[in-house]
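I opened this model to look up a few local features. My notes follow in the order I checked them.

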Amino acid sequence: MSPSSPCPIHDLATAFDPLDLSDPFPLLGRARREQPVFYSPAIDYWVVTRYDDVKAIFRDHETYTAANTISPIVPFSEAVRRLLAARDYTPEPVLSNNVPPGHTRIRSLVNRLFTPRRMKSFAPTIRAIAERGVERIAGRAPLDIVAELTYEYPAFVLFHVLGVPDADVPRGKAWAGNRIKLYYGRPTAAEQIAMTENLAPFWSYVVELVAEKARAPQDDLTSDLIRMRAGDDSVLTLNEIASCMITLLVAGHETTTAQINNALLHLLTQREHWQALCAAPADIPRALEEMMRYDPSVCTWRRLTAKPSTINGVEIPAGANLLLMLNSANRDEGVFPEPDDIIVERDNLKDQLAFGYGIHYCVGAPLARLEMAILLETLTRELPGLRLADGQALEYTRNISFRGPVALHVTW
Ligand code: HEM
């Protein structure tokens, strides 16, 4: 849905490249000051940059639904749709892109899996995974810490929690990365077909995994979901469980890998913060919260207007796509003074929006916080001399929502 009149600050809208995540902050700062809500013709989305507006949108899930959060930026071609149908690709909206009452039903079950208490019970295993990973890199400096540690670490954690075999981490990571590029990037028609070919086996794998857990439930969260269902489709169908699983198998590690990478990048760039954490590891959870405010890995999220509305004085029609700039909201100077500085002692860190807000608030937040803290505790203890290698150019994958450096060369 395009706006009826041209944007008064046209150059802001044209300068904004929603897929270029390399350094979004200067333009977003300008947008917050000059044009906090603007239309981006590049993707046909309204861009919302101020904290209060983003939070109000998250809060009002009736006017602003989450139905578009997994919609491909480049709509699927007829060929892709035929291919997916031929491969029995049948995921349905369950969590991220679902709306009440279906979302409420499924979310209330999934909430029971991811309680902070249950997550804490995984802490010893997560610590062992972190220690094994750090031990593997010790003595091998310099290296790319993404390739050697942070790319796979959250997947090993998540797979353990969900009861997915460790041996499948490499293909699970590749499938998830492919899915992100397909839905959140701008593939050509040929790339879209190739990515779809790669998506179909991911779904088949998940369907088979759920069928196997249904046959022989084990001590993991996937089996717990199957137990809650107790064979009753009105509680949850097996296809809904598989749909939850494919969501978790993307949302549950790509986000965390990127968030760890963002945290390491900034803590090691302004190394006094790293040194402070080595001296006082009890501050790690608070420092991570500030890292999520400063550079959230899910840098944007989406909503769809169910009816006409006005956001910061701008009239938005029904059926319009909104791009909520979490990375801009988290740097709103009205809420976080000196937003471009890392200030671990901020007294309102709990207000940062990196995990969203409202009914779709990240269900995996307790797990993400725990595993990130454990990894930083391990790294600050075992490799306190960690620092960035000189003269590296950072690379970010072109997409609209997931930001984190692809590689991070370090030494110690
Ligand atoms: C640092 C890591 C993470 C970040 C920054 C992050 C961020 C987010 C954000 C911004 C949302 C959207 C919230 C909204 O619409 O209001 C979300 C939703 C979600 N996240 Fe996370 N997430 C992270 C880790 C995880 C993990 C570890 C899991 C799973 C174990 C997970 C599973 C989900 C799911 C299933 C949803 C959809 C919830 C719903 O719609 O009800 N996330 N996350």
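I am working from a predicted model. Next I looked up where Cys362 sits in the chain. Cysteine 362 is in the loop between helix 17 (326–329) and helix 18 (365–382).

**Helix pair.** I then turned to helix 9 (residues 153–162) and helix 10 (residues 169–184). They pack at an angle of about 105°, and their axes are 10 Å apart. Angles of 65 to 115 degrees count as roughly perpendicular, so I logged helix 9 and helix 10 as roughly perpendicular to each other. I listed the residues that meet: Ala155, Phe156 and Phe159 from helix 9, and Val169, Gly172 and Lys173 from helix 10. By class, I noted four nonpolar residues, one polar and one charged in this contact.

**Strand 5.** Is strand 5 (residues 300–305) largely enclosed or open? I found five of its six residues buried, so strand 5 is largely enclosed by the rest of the structure. Buried here means under 20% relative accessible area.

I looked up the pairing partners of strand 5 as well. Strand 3 (residues 64–65) pairs with strand 5 in the antiparallel sense, over two bridges. Threonine 65 has leucine 304 of strand 5 as its bridge partner. Strand 8 (residues 321–325) also pairs with strand 5 in the antiparallel sense, over five bridges. There I noted leucine 323 of strand 8 as the bridge partner of arginine 302.

Conventions:
Residues numbered from 1 in each chain as written. Predicted model: local features only at pLDDT ≥ 70, side-chain atom pairs only at ≥ 80, totals over all residues. Heavy atoms only, no water. Helix = DSSP H or I, 4+ residues; strand = E, 2+ residues; numbered from the N terminus. Axes fitted to C-alpha atoms, helices over the stretch in contact; angles between N-to-C directions. Parallel < 35°, antiparallel > 145°, perpendicular 65-115°, else oblique. Contact = heavy atoms within 4.5 Å. Nonpolar A, V, L, I, M, F, W, Y, C, P; charged D, E, K, R; others polar. Buried < 20%, exposed > 50% of the residue type's maximum accessible area, 1.4 Å probe, protein only. Pairing = 2+ DSSP bridges.
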